[in-house]
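Could you walk me through this structure stop by stop? I have it open in my viewer and would like to know what to select next and what is there.

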Amino acid sequence: MAASNRIRAVIFDIGGVVVRSPFIAISAYEREQGLPANYINVALSKLGDSGAFQRYERGELSYSEFIDLWTAELNDADANNRAYRAYLKRRDLDVRM
């Protein structure tokens, strides 16, 4: 590759600055599937920095490791429901689920 054709920078954005936020699509999916508002976001963030999504963003997991862990996290309905109830309680919202 000639020096003038080399890639000099790559811009990656997932937070809604350059491209639409993925949370818009997540919210739409929740509505379409009859899930409570913010349920998936709570499930994604319930483990904090040790969650699969956060570890993958930092490059700590391969793609296949990420998919395996993320699938397990999202399919853990008991843990996700507990996290969502705690989320509702922190916001003084109806906790009945």
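Predicted model: local features only at pLDDT ≥ 70, side-chain atom pairs only at ≥ 80, totals over all residues.

**Stop 1: the segment before H1.** Begin by selecting Ile11, Val17, Val18 and Val19 and showing their surface. Together these residues form a nonpolar patch on the surface, with about 450 Å² of accessible area. Now pick out Val17, which sits in the segment before H1. Is Val17 buried or exposed? Val17 counts as exposed because its relative accessibility is 73%, and the cut-off for that label is over 50%.

**Stop 2: helix H1.** Next, select residues 22-33, which are the twelve residues of helix H1. If you draw a distance from the first C-alpha of H1 to the last, you get 17 Å, close to the 16 Å expected at 1.5 Å a residue. Then step just past H1 to Gly34, where phi is positive, at about 75°.

Stop 3: While you look along the helices, keep some background in mind: an α-helix has 3.6 residues a turn, so residues three or four places apart point the same way. Another piece of background is that nonpolar side chains tend to be buried together in soluble globular proteins.

**Stop 4: the salt bridges.** How many salt bridges does a search of the whole structure find? There are two, and you can see both by selecting Arg55, Arg58 and Glu60.

- Arg58 and Glu60 form a salt bridge whose closest N and O atoms are 2.8 Å apart.
- Arg55 and Glu60 form a salt bridge with 3.6 Å between the closest N and O atoms.

Glu60 counts as partly exposed because its relative accessibility is 43%. Arg58 is likewise partly exposed, at 43%, and Arg55 is partly exposed at 27%.

Methods:
Residues numbered from 1 in each chain as written. Heavy atoms only, no water. Helix = DSSP H or I, 4+ residues; strand = E, 2+ residues; numbered from the N terminus. Expected span 1.5 Å × (residues − 1). Patch = residues over 30% accessible without salt bridge, like charges linked within 9 Å, V, L, I, M, F, W, Y side chains within 5 Å. Areas by Shrake-Rupley, 256 points an atom, 1.4 Å probe, with all protein chains shown as cover. Salt bridge = Lys/Arg side-chain N within 4 Å of Asp/Glu carboxyl O. Buried < 20%, exposed > 50% of the residue type's maximum accessible area, 1.4 Å probe, protein only.
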